[in-house]
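Have a look at the model first, then read on.

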Amino acid sequence: MTSAMPIAHRETRTLTIAGVDLAADLSGALVWREERLLVVSDLHLEKGSSFAMRGVLLPPYDSAATLARLAAAIARHDPRTVIALGDSFHDGEAHQRLPVAAREALAALRRGRDWIWIAGNHDPALPRDLGGTVAGSIAVGPLTFRHEPTGARGEIAGHLHPKARVAARGRAVERRCFATDGDRAVMPAFGAYAGGLSIRHSAFARIFQGVAFMAHVLGDRGIHAIAAARCC
Amino acid sequence: MSIVPPAASPDIALPDAFRRWFAARGWAPRAHQLALLETARAARATLLIAPTGAGKTLAGFLPTLTELAAARPRTASTGHDGAASGGLHTLYISPLKALAVDIARNLERPIAEMALPIRVETRTGDTPPSRRQRQRRYPPDILLTTPEQLALLLASDDAPYLFASLKRIVLDELHALVTSKRGDLLSLGLARLWRLAPQAVATGLSATVAEPDDLRRFLVPQRAGEVRLADLVMAAAGAAPIVEMLDTKERLPWAGHSARHALNEIYDLIKANRTTLVFVNTRSQAEMLFQELWRINDDALAIALHHGSLDVAQRRKVEDAMAAGRLNAVVCTSSLDLGIDWGDIDLVVNVGAPKGASRMMQRIGRANHRLDEPSRAVMVPANRFEVLECRAAIDAIAANAQDTPPLRTGALDVLAQHVLGCACGAPFLSDELFDEVRSAAPYASLARSDFDDVVEFVATGGYALKTYERFARIRRGKDGRWRVANPKVRQSYRLNVGTIVEEQMLKVRLVRARHGAQGGATGPIARGGRLLGQIEEYFIEALSAGDTFVFGGEVVRYEALANDEVYVSRAHDSDARVPSYMGGKFPLSTYLAERVRLLLADEAAWRGLPDQVRAWLSLQKKLSRIPRPRELMVEPFPRAAKHYLVTYPFEGRLAHQTLGMLLTRRLERMRARPLGFVANEYALAVWALGDMSLMIRQGRLDLDALFDPDMLGDDLEAWLAESALMKRTFRSCAIISGLIPRRFPGEDKSRRQMLFSTDLVYDVLRKHQADHVLLRAARADAATGLLDLRRLGDMLSRIHGRITHRALDKISPLAVPVMLEIGREAVYGEASDALLAEAAEELVKEAMALD
């Protein structure tokens, strides 16, 4: 029946990828402590207003919610460099629709830090006036940061929005997760309205050459390492 | 005038042609049929309450037929466009399109036989566009349709023209329509009709209900400060039904809902009768019983299956075979609670809990549609508690007691849909529409601020952060009238009208089992197997690979979910491990629950119970205590290194689940270290690591505080933030209100994977605008829907200060049924993290085992 197991309350969990120790943060950010580098993927800012343009009036609070979580993660880890790993904006005009408050919040986060915008499929042509550097991908030591995963060793990517579902005794929990096999990783989407793709989808099997990888699942209070094969 | 004495002279009421027609068929017009003619002549709205088989439908249409016959020369052809049309005369609305079609067929008979110049047409989702076009231009005299189609008609530009001539509105099965959001939608449609056609008079046809006045209010426009009622006509009651409880020779199970023990006895009942309807409460029970009956069907009786997940064509086939008298029995769910008349059903067998007295009477009414002969029914309880419930239901039926729910308060999400629909028709003024909406009984006490919030929501989302002005769906012009901002909005409204939110369904395919992959989900599976049907996504989501369940009459093993399809293989064990599709849809009615409590407490009444049950209750009395009607009894006891607390609120599974969630939160704070809970319709069992019995003794656990109604405050708030049931409730409000389209224009199929998840929208909205109108709508639903908060609140007030506890050193007889549910039903109360941590731990164990 139900176990009496104590729950590990861990805000971060160490993932070793291509020999580098990285801290997975409960918020969905990834932190390289030695480099004082923080990575977040798929912010999808202004996804709400993007739908509103097409008549689906989603609550216009997603950018504020996403940036508030990002601000908290940045405050926790005080990085020197922040990488936004692509699809930071939901569409090509999204940055222009960003409410003033969100724009200011973003500027405050950037202040005193290197900020690197990696281009994604939703935001392939990021304007130069965003502040920070715009790049297609970036390599730091043995790691390469790019939006769409290719499966290369040492690659940290996003794009797929991995989520894991674990079921037991007629109940299921579905959460965002990091997916990694120790050589490469796919990051969870960070955006408040970003949905997810099951890690059992064939897209993940292509990147990890099968199902021999781990899901580091973002729970309410801790990150849980669960074999992808255990998820459904 | 409220009740019309059914003594009107037929000579006055009925024209000659009709009298001759009745006579030719050997019939005499019934008193209530004549009474309806009288109220119609006085142009008074009327509610007709009549049992099945009383000629209710004909009663509803007689005023229309006689009026049209009198207004037209009888020589006119009965034909189509040739008949001189005075425009639409009567609108008939039914909850089922099959029923509308059937009624149209039934009406053709008197019309043809009396050669009446009357044109009758149906309009349902299946009506081809060309016919719809024609109906708008050349309306029939009588149009038979559904609430959704009415909404669509009202949202068109021709609505004023189409309905200007309307005289009568007939609402069939009104008791069934008013209990859901479809009833809200219908009430708003009626309000619109009363504005477009002030002369139109409504007639409601209904089975017996607890509060006829609720339905009478529904049928007439309400005005602020006064309650207005339609006339009431009560038909003479039919012969009293003969209802028995199966006195099984077998051992009565302690728990479970399968009634397998009584299988042979059910089979014998089917064999002994010509045509039997076997009702069960859930689809999985229907599947299981159907399968088991066929296993012992040595006489090759024609036994069929009917439930809501079966393909429509399949269901129609069963219904046709039934109507043609080719079947011995149909195993069915509430999918057959309503519907077309089948004539000769000898017996209704109800397997499992009756849940409500009125519901049971309506089911029993499906047997034998001849008024003067008693319907016969046999109740088959599946466990010991259900014996009590069946006994209570039989007593309630004998007393002709009703427990239909009270009239709803109109939902705000349905109002939002209606407001958008209104803007799609002629532009409206807020003040006028507000008055119109308040004339609908469910919305009679709608606050102006709520109405304005809804209009604002429809326009720009109703957000405090006003950033969507430029994306507005409706706009107010210089004349102060609201109209749709562009034609796309209109198109989107048409695609999304209606209040029935379908569960997300997944295709189920049969593949070969994977070899050697026990429990784990490794290795490829063969793709593209035979399509078995469709199943609710939420059911599949809670399964693990290897779980077995019954689907389409056979036991299958869940293999995988891949690319939006469910892969299953044939299972060889005959026991499905996952038995339920979320239990029954209806909880035990408050009224029946009360009767069960009284029955328990009344030892003299135990004489009417089977020996086994009497022995069980006597033992409970000896070892613990029989709960008194107004108290809440709590039994703490230890078992296998855990500590249990079993309690008996008798408030239905939904309310118990909510209570369980809230209790475990409190127990956690009181440091009892709760682990989980399980609920059934009658009881709730919570278990913990802490010795709750000792805590009570030492005063560290105060039961009055534990069950204090204030749990519906902060604890509830905190839980609602993450409750999956609340998120499902919100999703349905978001869809009905039109925030999130079911379908986008230009897309044929509803897309399974919505481009965003409503759960995420819920989280964000809750944090940033907790009083948003859609969250208010969802909370109102939670009061009566999946969370049953209102009932829980009533219970907590009722038992406040009346908690008795019996500390036991082992499980009591009364606690056995709910304890047996553990491992059988989903276990709630575990934090998500606990489940995730457990899955992570499996990995550790696996690794250790390899060493």
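**Rings, cores and a sheet**

B:Phe61 and B:Tyr92 are both buried (under 20% relative accessible area with a 1.4 Å probe, protein chains only; exposed is over 50%, partly exposed in between). Keep in mind that this is a predicted model, where local features need pLDDT of at least 70 and side-chain atom pairs count only at pLDDT 80 or more, while totals for chains, interfaces and linings use all residues. Residues are numbered from 1 along each chain as its sequence is written, chains are lettered from A and ligands numbered from 1 in the order in which they are written, and side-chain values use heavy atoms, with hydrogens and water left out.

**Aromatics**

- Over all chains there are 19 aromatic pairs, meaning Phe, Tyr or Trp rings (six-membered ring for Trp) with centres within 6.5 Å; planes under 30 degrees apart are stacked, over 60 edge-to-face, and the rest tilted.
- A:Trp115 and A:Trp117 make a tilted pair, at 5.7 Å centre to centre and 45 degrees between the planes.
- A:Trp115 counts as buried because its relative accessibility is 2%, and A:Trp117 does too, at 0%.
- B:Phe61 and B:Tyr92 are tilted as well, since their planes stand at 35 degrees, with ring centres 5.4 Å apart.
- That pair links distant parts of the chain, 31 residues apart: B:Phe61 is in helix 4 (residues 56-71) of chain B and B:Tyr92 in strand 2 (residues 90-93) of chain B. Helices (H or I, at least four residues) and strands (E, at least two) are DSSP runs, numbered from the N terminus.
- One aromatic cluster brings together B:Trp254, B:Phe385, B:Trp616, B:Phe650 and B:Tyr682.

**Nonpolar cores**

- The largest nonpolar core has 137 residues, and B:Phe163, B:Leu415 and B:Phe707 have the most contacts inside it. A core here is a set of buried Ala, Val, Leu, Ile, Met, Phe, Trp, Tyr and Cys residues joined through side-chain atoms within 4.5 Å.
- Helix 17 (residues 412-424) of chain B gives this core its largest share, 9 residues.
- A second, separate core of 63 residues includes B:Ala392, B:Ala393, B:Val613 and B:Ala683.

**The sheet**

- Chain B has an open sheet of 7 strands in the order 3-4-2-5-6-1-7, with parallel pairing (strands pair if DSSP finds at least two bridges between them).
- Strand 3 (120-123) and strand 7 (231-234) of chain B are at the edges, each with a single partner strand, so one side of each lacks a neighbour in the sheet.
- Strand 3 of chain B runs parallel to strand 4 (residues 142-145) of chain B, joined by 4 bridges.
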